[in-house]
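Please read the following report with the sequence and the model side by side.

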Amino acid sequence: MTNEEKCSEFVEEIYINYRKPQGEHAVDVLHDMNKSHEKLATWATSHLQLDGNELILDIGCGGGANIKRFSSMTKNKVFGLDYSSKSVEESIKFNQESVDAGNVEVLEGSVSDIPFEDGVFDLVTAFETTYFWPDLENDLKEIHRVLKDDGQILIAVTDTADKEFGEKMLKAIDFLEMNLPTNDEMIKTLESAGFTKISLFIKDIDDYSCYIARK
């Protein structure tokens, strides 16, 4: 194997962790997610109006930074869900004090089959994770199911099909099999999943998009 091939293989081993963290590079990628997603998450959550009593679920919780964020925003319990066992492990570690106090719980599971009964949550969030969902419309319907009446969903992303990508990023999108709808397509999919009162917030300078909708 040439040095170029070895380098390419190493990059792919790291990249695949952005889809599902696992293996020897998982922890480093999860720590990077906590840092690199911070600016987007701070901006997106600034558009929420919460009263501090919400029961919240963060889907695709990654390294657990947004669980910690919401723990400071609500007196109620915060749940995290991720289909990566390594993400669950690291999210628990990152929120260990709150987990031990019973204020945070992190579960392994899929957005396609959320392990909660109907009408449980006031808010469900997803940061930089919808790209990898198996079936966006049906997965949004599953979120709709676990939300209370008038509950909210928040989705925040940096990449949409409205954006122009360089060759390197296009290769990463193809390698990771990312689903990148346009902003209009995401809104239509939210409507098809049963959501109403859909708001779109865009921060052009950073290519951020945030969708907030209600059940």
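## Basis of the description

A residue is called buried when its relative accessible area is under 20%, exposed when it is over 50%, and partly exposed in between, with a 1.4 Å probe and protein chains only. The model is a predicted one, in which local features need pLDDT of at least 70 and side-chain atom pairs count only at pLDDT 80 or more, while totals for chains, interfaces and linings use all residues. Residues are numbered from 1 along each chain as its sequence is written, and side-chain values use heavy atoms, with hydrogens and water left out.

## The sheet and its helices

Seven strands make up an open sheet with mixed pairing, in the order 3-2-1-4-5-7-6; strands here are DSSP runs of E with at least two residues, helices are runs of H or I with at least four, both numbered from the N terminus, and two strands pair if DSSP finds at least two bridges between them. The edges are held by strand 3 (104-108) and strand 6 (196-203), each of which has a single partner strand, so one side of each is left without a neighbour in the sheet. On average, neighbouring strands of this sheet are turned by 15° against each other, direction ignored.

Strand 5 (residues 147-157) pairs with strand 7 (residues 208-214) in the antiparallel sense over six bridges, and Ile-153 stands opposite Ala-213 in strand 7. Helix 5 packs on the sheet, where it touches strand 2 and strand 3, and its direction makes about 170° with that of strand 3; such angles run from 0 to 180 degrees between N-to-C directions, with axes fitted to C-alpha atoms, for helices over the stretch in contact. Helix 9 (residues 183-192) lies across strand 5, strand 6 and strand 7, and runs at about 160° to strand 6.

Ser-84 is found in the loop between strand 2 (78-82) and helix 5 (85-94), and with 1% relative accessibility it counts as buried. A polar atom of its side chain lies 3.1 Å from the backbone nitrogen of Ser-87. Apart from neighbours within four places in sequence, Ser-84 is in contact (heavy atoms within 4.5 Å) with Lys-20 and Pro-21.

## Aromatic rings

Rings of Phe, Tyr and Trp (its six-membered ring) pair if their centres lie within 6.5 Å, and planes under 30 degrees apart count as stacked, over 60 as edge-to-face and the rest as tilted. By this rule there are six aromatic pairs. In one of them, the rings of Trp-43 and Tyr-208 have centres 5.6 Å apart and planes at 45°, so the pair is tilted. Trp-43 lies in helix 3 (residues 38-45) and Tyr-208 in strand 7, so the pair ties together parts that are 165 residues apart in sequence. Trp-43 is buried at 14% relative accessibility, and Tyr-208 is buried at 8%.

Tyr-131 and Phe-132 form an edge-to-face pair, with 5.8 Å from centre to centre and 80° between the planes. Tyr-131 is buried, with a relative accessible area of 4%, and Phe-132 also counts as buried, at 10%. Ring pairs also link Phe-79, Phe-116 and Phe-121 into a cluster.

## Two positive phi values

Glu-128, in the loop between strand 4 (121-127) and helix 7 (136-146), has a positive phi near 55° although it is not a glycine. Glu-177, in the loop between helix 8 (167-176) and helix 9, has a positive phi of about 55° and is likewise not a glycine. Glu-128 is buried, with a relative accessible area of 15%, whereas Glu-177 counts as exposed at 60%.

Key
A polar contact is a pair of N or O atoms within 3.5 Å; within protein, one must be able to donate a hydrogen and the other to accept it, and residues adjacent in sequence count only if both atoms are side-chain atoms.
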